[in-house]
Amino acid sequence: MVLMVMIARATDGLPLAASLQDDEQSGRGMLDYQNQAKMLFKKLTPNSPARCSIETGQYVFHYIIENDVCHLVLCERGFSKKTAFTFLEEMSSEFTSQHGHRVSQATRPYSCIEFDTYIQKLRRQYSDQRGRRHLHQLREDLNDVQRIMMENIDDVLQRGTALSDLENKATGLSSMSKNYHKDAQYLNMRSTFAKIAAGGVLTLVILLYFFVF
């Protein structure tokens, strides 16, 4: 989130415009950071980097210098640096278009304070865009989770199919076992009958032998 915006003339650090967070809770303590920003403007020289990020407590200053004007924002540490500098570039372009001709002639602080209207609009725009990107990311994450869940469910279903196959095979083996048991009983019965028949034939032969001889 962009918490504070300040624009100053790079040659002498004269503040030209500023915009703070609207709500009091977020704006609490911003005065200290505003003073830090003013001190930073005063320390700018022609050899200062045109783009820079400076950590300060739990926040980060990002600034760019274009057309002898320093455009600075104070953001939360988690705020995208790329987004912050894109914000600065867009703001710088619009400021040059609206007030570029007044920069060198300004003699009093915040002579371009009406630019705050555009800054507020831009901040809302970037806040909405960031929200939409965040929502889009959440949807992508949710889709990833859903894909993972589907894959996991598919794995379970595949395991279920394998279990069904095993169950069918087990049922088949059980049927085969029952059939084998029946066949074994039948064979045992036939074997018993064969033994009885053989014994009967032997007895009959012996009786005939004694009867004849």
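**Close-up views of an aromatic cluster**

**View 1. Phe-95, Phe-115 and Tyr-118 are joined into a cluster by ring pairs.** Here, rings of Phe, Tyr and Trp (its six-membered ring) count as a pair if their centres lie within 6.5 Å. The whole structure holds 4 aromatic pairs. This is a predicted model, in which local features need pLDDT of at least 70, side-chain atom pairs count only at pLDDT 80 or more, and totals for chains, interfaces and linings use all residues. Residues are numbered from 1 along each chain as its sequence is written, and side-chain values use heavy atoms, leaving out hydrogens and water.

View 2. Helices are DSSP runs (H or I, at least four residues), as are strands (E, at least two), numbered from the N terminus.

**View 3. Are Phe-95 and Phe-115 buried or exposed?** Phe-95 is buried, at 1% relative accessible area, and Phe-115 is buried too, at 0%. Buried means under 20% relative accessible area, exposed over 50%, and partly exposed in between (1.4 Å probe, protein chains only). Across the protein, buried residues account for 28% of the 213 residues.

View 4. Starting at the N terminus, the order is β-β-α-α-β-β-β-α-α.

Conventions. Rings of Phe, Tyr and Trp (its six-membered ring) pair if their centres lie within 6.5 Å; planes under 30 degrees apart count as stacked, over 60 as edge-to-face and the rest as tilted.
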